[in-house]
Amino acid sequence: MALLKRLARQKLPPIAFTLNGQACSGRAGDTVLTALLTQVDCLRLSDFSHEPRAGFCQMGACQDCWILTAEGKRIRACNTVLEPGMNLRTIAEPRS
Amino acid sequence: MSDILRPLIVGAGPAGIRAAQTLVGAGIRPIVVDEAPSGGGQIYRQRIVPDERSPQDLYGSEAAKATALHETFAQIRDRIDYLPETLVWNVRDKAADVATGNRTRRIDFSHLILATGATDRVLPFHGWTTPGVFTLGGSQIALKSQGCAIGEQVVFLGSGPLLYLVAWQYVKAGAGVAAVLDTAPFSAKFHLLRGLLAQPAVVLRGFRYAAELMARGVPVHFGVQPVRIEGKARVEGIVWRERGKERRLACDAVGYGFALRSETQLGDLAGCRFIFDARDRAWRPECDMAGRTSVPGIYIAGDGAGIAGADAAELAGERVGLILLEDAGFSVDRTRISVLERRLAAIHRFRDVLEAAFPFPDPWAGSIADDVTLCRCEEISVGHVRAAVRDQGVFELNRLKALTRVGMGRCQGRMCGSAAAEVLATACNQSLDSVGRLRAQPPIKPLPLEIAADGEAA
Ligand SMILES: Cc1cc2nc3c(=O)[nH]c(=O)nc-3n(C[C@H](O)[C@H](O)[C@H](O)COP(=O)(O)OP(=O)(O)OC[C@H]3O[C@@H](n4cnc5c(N)ncnc54)[C@H](O)[C@@H]3O)c2cc1C
Ligand code: FES
């Protein structure tokens, strides 16, 4: 279930991307954090207690919004701009 | 003379842009680096793509200032070397290490202006890591930059002028605001009456926000002590204590913060001497009235030099530009410097009023429970810190970090540093300044693992 609720920018062009293998759509000018949290309510599990996290500062300071691309690259969701065709994965499995 | 001057400005917020404009005015070509994709800084942050909202919708009473600043930046754009989406991650011997995407390189500078601004100061309480809890600044970024509310029934909590401003911006944008929970007692707001003479427009605007919130039926509570967030997978409610009683409210998001804290890591790496700022309850690079740090050629302006707000940041940015020019042997308009200094002094006097009206929630550090997570990266509890004091006699922050890992995680103490200092000082019964400050370490933010260096690098 979504965490963020869109109030504006609804008419901007849709941007197609994939999240955990599912086709999704965001808006032009979305950050990856916005595109994801308007669909789901968790970005990753914390490193030690494996509790859900969904970002906190939205300005690149807290480092709580790291997710993965399908290629295994780590990206910080809140200051990465959503691009068409992005293939993204939340970090739902605890890091070993 | 101008061809040997190669100033580097870190931060394209109000301070950095005005500093750049001033240098450009003297025929100098500064390098301006900012992590963000466009200029404006925190308050005047720009959207990634334009949308249907006007500057008035986005910046409210500050729309004219926002537009003026963005226009200035556009006008000087081809007379500066601007590196957006670029992080300055280290400073050493007249050079900075900067990373853009997956590349890092070294930039030599003749002078350095640190205009790095601030981030929210947060304090932990039960459940503050739950999805749906964001900082106040983060809540505002969601709205301004992304056109999103952090939830459908949002509670705003904390202290500081941003508390009422963000709540009001949410209501204006059509978001559901369940309540405003102010940790300060109502009586603290009488201090604002003193501010009416000094900065009438600012004070009246604040009163208007509060009045409009109440008129729209948003409950405002004073003297609140946060107890816990309810909900495991996401926020379901908030519990707080007020006049000795516990109260609960259902909500699906919480935005909170306790004013701001300066971003000071680069000044530390550059070897600047630090002083303790009692008003900000934090250490920051020491600087004179003009923004000169203890290291020749390194200057500081804006909220990174102590919290003073966006208007002060613009004035300080211009002043530091003029001072740098004067130090480099240019003749500058001394009358203008005096004007800037007078205006800055007035704002600083007003800051004391704001601090009294929106005080830090003392004695917060003593009352917080042992099992509250203090460090959200390394997941260290408040009890760990107290145990380190009790069992290992710790009384200094870096020692605490080495022993408990508080502040050692990815955020480098940006989220837990203020709270760790407060808890440590209270636990070992010392003053806040005497427990010291967390040392900055390069890279000051995590770099991509696959980073590659251009030429000589770290
Ligand atoms: C999230 C947030 C929201 C705010 N909202 C309001 C508001 O609505 N109204 C209000 O009056 N005040 C607000 N403030 C306070 C206001 O933003 C500041 O007083 C003002 O912006 C200070 O200007 P500045 O130029 O000092 O710094 P900033 O505007 O913070 O700009 C600093 C810039 O430096 C960049 N930067 C920092 N470190 C680095 C680095 N290492 N490498 C590259 N770039 C870097 C940042 O990306 C940023 O763009 C807010 C503050 C925050 C943190
Ligand atoms: S939400 Fe804090 S770094 Fe992204």
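This is a predicted model: local features need pLDDT of at least 70, side-chain atom pairs count only at pLDDT 80 or more; totals for chains, interfaces and linings use all residues.
**Setting values against cut-offs in chain B**

Trainee: Why is Glu246(B) called partly exposed?

Mentor: Its relative accessible area is 46%. Buried means under 20%, exposed means over 50%, and partly exposed is what lies in between, using a 1.4 Å probe and protein chains only. Residues are numbered from 1 along each chain as its sequence is written, chains are lettered from A and ligands numbered from 1 in the order in which they are written, and side-chain values use heavy atoms, with hydrogens and water left out.

Trainee: What makes Glu246(B) and Arg241(B) a salt bridge?

Mentor: The rule asks for a side-chain nitrogen of Lys or Arg within 4 Å of a carboxyl oxygen of Asp or Glu. Here the N to O distance is 3.5 Å, so the pair passes. Arg241(B) is partly exposed too, at 33%.

Trainee: How do you know that Arg29(B) and Asp81(B) form a salt bridge?

Mentor: Same test: their closest N and O atoms are 3.2 Å apart, so they fall within the cut-off. The pair links distant parts of the chain, 52 residues apart: Arg29(B) is in the loop between α1 and β2, and Asp81(B) is in strand β3. Helices and strands here are DSSP runs numbered from the N terminus (H or I, at least four residues, for helices; E, at least two, for strands). Arg29(B) is partly exposed at 36%, and Asp81(B) is as well at 24%.

Trainee: Are Arg351(B) and Glu355(B) buried or exposed?

Mentor: Both are buried. They form a salt bridge at 3.1 Å, and both lie in helix α10, four residues apart, about one turn of the helix. Over all chains, the count is 48 salt bridges.

Trainee: Why does Ile238(B) count as buried?

Mentor: Its relative accessible area is 0%, so it is under the limit for buried. Ile238(B) is in strand β15. Leaving aside neighbours within four places in sequence, its contacts (heavy atoms within 4.5 Å) include Val155(B), Leu181(B) and Val254(B).

Trainee: Which residues form the nonpolar patch on the surface?

Mentor: Phe186(B), Phe190(B), Leu193(B), Leu204(B) and Phe207(B), with about 510 Å² of accessible area together. Patch members need over 30% relative accessible area and no salt bridge; like charges are joined within 9 Å, nonpolar side chains (Val, Leu, Ile, Met, Phe, Trp, Tyr) within 5 Å. Leu193(B) is at 47%, so it clears the area requirement while still counting as partly exposed.

Trainee: Where is Leu193(B) found?

Mentor: In helix α6 of chain B.

Methods
Accessible areas come from the Shrake-Rupley method with a 1.4 Å probe; for residues, only the protein chains shown count as cover.
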